[in-house]
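Let's take a walk through this structure together, one chain at a time. Have the sequence and the 3D view handy as you read.

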Amino acid sequence: MMDFDWLMLFEISLAGLGSGGLYALAGLAFVLIYKATKVVNLAIGEMLMMGAYFFFAAASTMGWPIWLGIVAAVIGSGILGAVIERLLIRPMLGEAPISVFMITVGLSSILVGLVELIWGADQLRLPDFMPSDPVLLGEAMVSPKIFYGFLAAAVLIAGVLLVFRFWRGGVALRATACDQAAAYSMGIDVPRVFSMTWMVAAMVAAIAGIIVGSISSLSPTMGVFGLSVLVVVIVGGLDSVPGALIGGLLVGLVESWTGTYLGGEFKLLATFSLLVLILMVRPYGLFGTHEIERL
Amino acid sequence: MPDSAANPILEIENVTLAFGGVKALNGVSFEVAPGSITSVIGPNGAGKTSLFNTISGFYRPGAGHIRFRGEEITRLPAPKRAKLGLARSFQNIALFRGMTVLDNIKLGRHCHLHTGILDALFYYGRARREEIRLRADIEERVIDFLEIDHIRHAPVAALSYGLQKRVEMARALAMEPQVLMLDEPVAGMNREETEDMARFILDVREEWGVTILMVEHDMGMVMDISDHVVVLNFGEVIADGAPAEVQADPEVIRAYLGSGNVDELRRKLHEARTAA
């Protein structure tokens, strides 16, 4: 009987944490929107996808340098986020949460349709821009894309958290999340907070999309990634930033373990079992506040 | 004492507000003199809170004008009105739960801070100076004044109802308003708490020179501390004047107690039916 391969477990866990970082990043985008506007955004996966396609358009089609392509994709997504908020979300202010939820379901179909119209349904490859030498952590080998993707996600998450911690706009966001009427009467421009949040969230999602797209490939079905993100934020608690981070890493680990030891077809089964288990013990997610919507 | 000869700080002129077919406010007009304590009273559903929401910018009136220091503000959104110097409290406490008392009060200063995101990142000096001034201002004045020093770092959700009301008032005061609008400041308070709050309201006017406009059900307190009382019923002003005048007004007595005359009630009902 062979000994259990601990090194392999370690490598798999690192890979899991790596993709978990991306879940955490996308989860952060989701939580930002939910916290500020109380909208459950089912189109988060498609917003990710749009960012990746914008990057493709700038870096591959237009042939711009990589860094400019990333900047263009982020700005483009920010504009898209602001437009979505203004055209689809703002008019629904004060309507039942379920109606707004359905709007985001429709939005995801519209975005998928747009992508198929413009870029077609075939898989596309993003230009390679990450170093291709494998990374060694001790004895363990990690795929460079996953390693640098995780690094980028971690830096971005830290950046977003710092900005919201120290910038006064972050305080406005927290106040709006607490009590919209009170914030409005305190001189906080609540509609502006709304569109800012959608913009920032779309930009964060775009970066997650670019990384996810360059690890695998680009296709209109990329939004399925959003399904795992939904699991992540429900596990973590819809309105909790730390919840999204820890939930992201947790789901990444579980997917990676089951994918290796049980086979890829068990991945979704495992993540959703995790979801059911956690909701049975903590109905509002690991860190969620108790008043949040239950879906 | 209010200077009745001075221009009114707040003018409500012919304000009408309708929700569908229901007229919440119907041609409401009155003036608030600078430095006065003006109270709006009236039975439940008379339109007091609607009036407050219209003045603070949550509702847009269908007709009429609201002027603040002579300036037309009828179409201005609420945050702009807050910057001009209109602060309010809410009937159901609307504090930022989960934040501390100090954080809540700091948010009251939000409308006066001008540093944007770029400033915060690159011009740390200016943001910093503003921050220091802000803290000093708040600590010295509002917290001492409202005697909430001992709870400044407590989360608001853990405070008693009376203290929460006081924190809400502190937050509004931190906005350095010209007019402070209080929506039922003593609702649900016992007599001792009510007397405390009445004292604070008088002191705010005295020490800060802030004009007070309040909605209140506690008739005793209203008549004790107000300079000017406006009575609303079914969205219309039925009396307007000094507390003693208003108290003696037969319309007001009828609105609150009914006329006591059954024949007159029958006649009124009959009139209403034939009119309809």
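Starting at the N terminus, the elements of chain A run α-α-α-α-β-β-α-α-α-α-α-α-α. That comes to eleven helices and two strands. Helices here are DSSP runs of H or I with at least four residues, strands are runs of E with at least two, and both are numbered from the N terminus. Before going further, note that this is a predicted model: local features need pLDDT of at least 70, side-chain atom pairs count only at pLDDT 80 or more, and totals for chains, interfaces and linings use all residues. As for the labels, residues are numbered from 1 along each chain as its sequence is written, while chains are lettered from A and ligands numbered from 1 in the order in which they are written.

A residue counts as buried if 20 or more other C-beta atoms lie within 10 Å of its own, as exposed if 12 or fewer do, and as partly exposed in between, with C-beta atoms placed from the backbone. Two residues are in contact if their C-beta atoms, placed from the backbone, lie within 7 Å.

Now look at two helices of chain A, α5 (residues 144-166) and α8 (residues 190-215). They pack at an angle of about 175 degrees, with axes 10 Å apart. The axes are lines fitted to C-alpha atoms, for helices over the stretch in contact, and angles run from 0 to 180 degrees between N-to-C directions. So α5(A) and α8(A) are roughly antiparallel to each other; angles over 145 degrees count that way, while those under 35 are roughly parallel, 65 to 115 roughly perpendicular and the rest oblique. Which residues of α5(A) and α8(A) meet? From α5(A) come A:K145, A:I146, A:G149, A:A152, A:A153, A:L156 and A:V160, and they meet A:V204, A:I207, A:I211, A:S214 and A:I215 of α8(A). By class, this contact has nine nonpolar, two polar and one charged residues. Here Ala, Val, Leu, Ile, Met, Phe, Trp, Tyr, Cys and Pro count as nonpolar, Asp, Glu, Lys and Arg as charged, and the others, Gly among them, as polar.

Helix α6 (residues 168-178) of chain A is mostly covered, with nine of its eleven residues buried. Among them are A:R168, A:V171, A:L173, A:R174 and A:C178.

On to chain B, which has eleven helices and ten strands. Of its 276 residues, 38% are buried. The domain assignment, which is automatic or from a database, gives domain 1 (1-85 + 177-276) and domain 2 (94-175). Twelve residues from domain 1 of chain B and nine from domain 2 of chain B make up the contact between them.

Finally, where do the chains touch? In this contact, 21 residues of chain B meet 17 residues of chain A. On the chain B side, α2 (78-84), α3 (101-108) and α4 (117-122) each give two or more residues. The largest share, four residues, comes from α2(B).
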